[in-house]
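Subject: Structure handover

Hello,

Here is the structure I promised you. Please open it first, then read my notes below.

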Amino acid sequence: RAVEVADNASKLYEDNDGLRKEEVHALSGPNEFAEFYSRLRSLKEYHRKYPNEIAEPMQMEFLKLKDSDHGDENTGLVEFTDEEGYGKYLDLHEVYDMYLNLKGIERIDYLTYLDTFDRLFDIPKEKKTTDYKRYLQSLLDYLYGFFQRIEPLHDIDKELSSLSQEFEVQWSQGKFLGWQ
(Lines give C-alpha, C1' and ligand atoms only; values in the text may rest on other atoms or scores of the structure.)
Protein backbone atom coordinates (compact mmCIF):
# COMPACT_ATOMS: atom_id res chain seq x y z
CA ARG A 1 0.00 0.00 0.00
CA ALA A 2 2.85 2.40 0.83
CA VAL A 3 4.50 1.70 -2.52
CA GLU A 4 1.18 2.25 -4.30
CA VAL A 5 0.58 5.58 -2.55
CA ALA A 6 4.16 6.75 -3.14
CA ASP A 7 3.93 5.85 -6.82
CA ASN A 8 0.67 7.76 -7.13
CA ALA A 9 2.17 10.79 -5.35
CA SER A 10 5.21 10.77 -7.62
CA LYS A 11 2.93 10.73 -10.69
CA LEU A 12 1.03 13.70 -9.28
CA TYR A 13 4.25 15.63 -8.70
CA GLU A 14 5.39 14.93 -12.26
CA ASP A 15 2.35 17.00 -13.34
CA ASN A 16 2.11 15.58 -16.87
CA ASP A 17 -1.30 17.16 -17.47
CA GLY A 18 -0.31 20.59 -16.07
CA LEU A 19 -3.18 20.70 -13.54
CA ARG A 20 -0.89 21.10 -10.54
CA LYS A 21 0.85 24.06 -12.15
CA GLU A 22 -2.51 25.70 -12.89
CA GLU A 23 -3.66 25.03 -9.31
CA VAL A 24 -0.55 26.61 -7.82
CA HIS A 25 -0.82 29.56 -10.18
CA ALA A 26 -4.50 30.11 -9.30
CA LEU A 27 -3.80 30.05 -5.56
CA SER A 28 -0.69 32.22 -5.71
CA GLY A 29 -1.78 34.77 -8.28
CA PRO A 30 -3.00 38.31 -7.66
CA ASN A 31 -6.51 37.09 -6.72
CA GLU A 32 -5.52 34.33 -4.30
CA PHE A 33 -8.10 35.35 -1.69
CA ALA A 34 -10.89 35.51 -4.27
CA GLU A 35 -9.91 32.02 -5.48
CA PHE A 36 -9.79 30.71 -1.90
CA TYR A 37 -13.23 32.10 -1.02
CA SER A 38 -14.79 30.82 -4.24
CA ARG A 39 -13.54 27.32 -3.45
CA LEU A 40 -14.74 27.64 0.15
CA ARG A 41 -18.17 28.71 -1.15
CA SER A 42 -18.38 25.65 -3.44
CA LEU A 43 -17.49 23.36 -0.52
CA LYS A 44 -20.17 24.93 1.67
CA GLU A 45 -22.74 24.54 -1.13
CA TYR A 46 -21.87 20.87 -1.49
CA HIS A 47 -22.33 20.26 2.24
CA ARG A 48 -25.60 22.20 2.26
CA LYS A 49 -26.84 20.06 -0.63
CA TYR A 50 -25.77 16.78 1.04
CA PRO A 51 -25.94 17.47 4.80
CA ASN A 52 -26.17 13.87 6.00
CA GLU A 53 -23.38 12.37 3.92
CA ILE A 54 -20.97 10.47 6.13
CA ALA A 55 -17.24 10.79 5.56
CA GLU A 56 -15.41 7.57 6.34
CA PRO A 57 -12.30 8.21 8.45
CA MET A 58 -9.00 6.64 7.42
CA GLN A 59 -9.12 4.52 10.57
CA MET A 60 -11.95 2.51 9.02
CA GLU A 61 -9.73 1.57 6.09
CA PHE A 62 -7.12 0.14 8.47
CA LEU A 63 -9.79 -1.75 10.43
CA LYS A 64 -11.09 -3.32 7.20
CA LEU A 65 -7.52 -4.23 6.24
CA LYS A 66 -6.98 -5.87 9.62
CA ASP A 67 -10.25 -7.84 9.34
CA SER A 68 -9.38 -9.04 5.85
CA ASP A 69 -6.19 -10.69 7.17
CA HIS A 70 -8.35 -13.39 8.84
CA GLY A 71 -6.70 -12.92 12.21
CA ASP A 72 -3.10 -13.13 10.97
CA GLU A 73 -1.50 -10.05 12.47
CA ASN A 74 1.81 -10.39 10.64
CA THR A 75 0.46 -10.32 7.09
CA GLY A 76 2.15 -7.58 5.12
CA LEU A 77 4.63 -6.69 7.85
CA VAL A 78 8.32 -6.67 7.06
CA GLU A 79 10.14 -9.40 8.92
CA PHE A 80 13.69 -9.17 10.22
CA THR A 81 15.78 -11.65 12.15
CA ASP A 82 16.79 -10.76 15.69
CA GLU A 83 20.35 -10.10 14.51
CA GLU A 84 19.12 -7.61 11.90
CA GLY A 85 17.64 -5.41 14.61
CA TYR A 86 14.64 -4.26 12.51
CA GLY A 87 16.87 -3.44 9.57
CA LYS A 88 19.70 -1.77 11.44
CA TYR A 89 22.28 -4.55 10.93
CA LEU A 90 23.11 -7.22 8.35
CA ASP A 91 22.75 -10.88 9.33
CA LEU A 92 25.30 -12.61 7.11
CA HIS A 93 25.73 -15.80 9.18
CA GLU A 94 24.26 -18.08 6.52
CA VAL A 95 26.38 -16.54 3.76
CA TYR A 96 29.43 -16.63 6.04
CA ASP A 97 28.96 -20.39 6.47
CA MET A 98 28.91 -20.78 2.68
CA TYR A 99 32.12 -18.71 2.50
CA LEU A 100 33.86 -20.94 5.04
CA ASN A 101 32.99 -24.03 2.99
CA LEU A 102 34.68 -22.71 -0.16
CA LYS A 103 37.78 -24.66 -1.14
CA GLY A 104 41.08 -22.80 -0.96
CA ILE A 105 39.66 -19.82 0.96
CA GLU A 106 41.43 -18.80 4.15
CA ARG A 107 39.27 -19.42 7.23
CA ILE A 108 38.51 -16.18 9.04
CA ASP A 109 36.29 -15.26 11.97
CA TYR A 110 32.89 -13.64 11.46
CA LEU A 111 33.96 -10.10 12.39
CA THR A 112 36.85 -10.21 9.90
CA TYR A 113 34.41 -11.52 7.30
CA LEU A 114 32.09 -8.57 7.93
CA ASP A 115 35.01 -6.22 7.32
CA THR A 116 36.06 -7.90 4.08
CA PHE A 117 33.00 -9.57 2.48
CA ASP A 118 32.63 -6.76 -0.06
CA ARG A 119 36.26 -6.94 -1.22
CA LEU A 120 35.66 -9.59 -3.86
CA PHE A 121 38.65 -8.44 -5.91
CA ASP A 122 41.03 -9.73 -3.18
CA ILE A 123 40.18 -13.34 -4.01
CA PRO A 124 42.38 -14.77 -6.80
CA LYS A 125 40.70 -15.92 -10.04
CA GLU A 126 41.81 -19.51 -9.50
CA LYS A 127 39.64 -19.76 -6.38
CA LYS A 128 36.51 -18.43 -8.09
CA THR A 129 34.77 -21.74 -8.82
CA THR A 130 31.12 -22.71 -9.29
CA ASP A 131 30.78 -22.96 -5.51
CA TYR A 132 32.11 -19.40 -5.29
CA LYS A 133 29.51 -18.35 -7.87
CA ARG A 134 26.75 -19.92 -5.72
CA TYR A 135 28.15 -18.09 -2.69
CA LEU A 136 28.07 -14.79 -4.60
CA GLN A 137 24.49 -15.42 -5.75
CA SER A 138 23.42 -16.10 -2.15
CA LEU A 139 25.17 -12.92 -0.99
CA LEU A 140 23.50 -10.90 -3.75
CA ASP A 141 20.07 -12.40 -2.99
CA TYR A 142 20.41 -11.60 0.71
CA LEU A 143 21.61 -8.03 0.16
CA TYR A 144 18.92 -7.39 -2.47
CA GLY A 145 16.18 -8.72 -0.16
CA PHE A 146 17.53 -6.82 2.83
CA PHE A 147 17.63 -3.56 0.89
CA GLN A 148 14.07 -4.12 -0.35
CA ARG A 149 12.90 -4.64 3.23
CA ILE A 150 14.58 -1.51 4.64
CA GLU A 151 13.90 0.78 1.63
CA PRO A 152 10.62 -0.43 0.10
CA LEU A 153 10.04 2.80 -1.83
CA HIS A 154 13.51 2.91 -3.38
CA ASP A 155 13.72 1.81 -7.04
CA ILE A 156 16.56 -0.68 -6.63
CA ASP A 157 16.20 -2.09 -10.14
CA LYS A 158 16.81 1.36 -11.64
CA GLU A 159 19.92 1.77 -9.49
CA LEU A 160 21.18 -1.70 -10.45
CA SER A 161 20.66 -0.83 -14.09
CA SER A 162 22.81 2.31 -13.79
CA LEU A 163 25.48 0.32 -11.89
CA SER A 164 25.44 -2.30 -14.64
CA GLN A 165 26.04 0.39 -17.25
CA GLU A 166 28.89 1.81 -15.16
CA PHE A 167 30.36 -1.69 -14.87
CA GLU A 168 30.19 -2.22 -18.64
CA VAL A 169 32.14 1.00 -19.22
CA GLN A 170 34.82 0.06 -16.66
CA TRP A 171 35.00 -3.50 -18.00
CA SER A 172 35.43 -2.38 -21.62
CA GLN A 173 38.23 0.00 -20.57
CA GLY A 174 39.92 -2.71 -18.49
CA LYS A 175 39.65 -0.62 -15.32
CA PHE A 176 37.34 -2.85 -13.25
CA LEU A 177 38.95 -3.45 -9.86
CA GLY A 178 40.47 -6.94 -9.59
CA TRP A 179 40.07 -7.79 -13.30
CA GLN A 180 42.65 -5.59 -15.01
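A residue counts as buried when its relative accessible area is under 20%, as exposed when that area is over 50%, and as partly exposed in between. Please keep in mind that this is a predicted model.

Start with glutamate 84. It sits in the loop between α4 (58–68) and α5. Is glutamate 84 buried or exposed? Its relative accessibility is 1%, so glutamate 84 is buried. Its side chain makes a polar contact of 2.6 Å with the side chain of tyrosine 142. Beyond its neighbours within four places in sequence, glutamate 84 also touches other residues, including Glu79, Tyr89 and Asp91. Phe146 and Arg149 are among its contacts too.

Next, helix α5, which covers residues 93–100. Which residues of α5 are buried? They are Val95, Tyr96, Tyr99 and Leu100. Seen down the helix axis, the buried residues of α5 fall within an arc of 145 degrees, so they line one face of the helix. In general, an α-helix has 3.6 residues a turn, so residues three or four places apart point the same way. The cover over the buried residues of α5 includes α6 (110–116) and α7 (130–150).

Last, the surface. Phe33, Phe36, Tyr37 and Leu40 make a nonpolar patch of about 430 Å². Leucine 40 belongs to helix α3, residues 32–49. Leucine 40 has a relative accessible area of 30%, so it is partly exposed.

Best wishes

Terms used. Residues numbered from 1 in each chain as written. Predicted model: local features only at pLDDT ≥ 70, side-chain atom pairs only at ≥ 80, totals over all residues. Heavy atoms only, no water. Patch = residues over 30% accessible without salt bridge, like charges linked within 9 Å, V, L, I, M, F, W, Y side chains within 5 Å. Areas by Shrake-Rupley, 256 points an atom, 1.4 Å probe, with all protein chains shown as cover. Salt bridge = Lys/Arg side-chain N within 4 Å of Asp/Glu carboxyl O. Helix = DSSP H or I, 4+ residues; strand = E, 2+ residues; numbered from the N terminus. Buried < 20%, exposed > 50% of the residue type's maximum accessible area, 1.4 Å probe, protein only. Arc of directions from axis to C-beta. Contact = heavy atoms within 4.5 Å. Polar contact = N/O pair within 3.5 Å; in protein donor to acceptor, adjacent residues only side chain to side chain.
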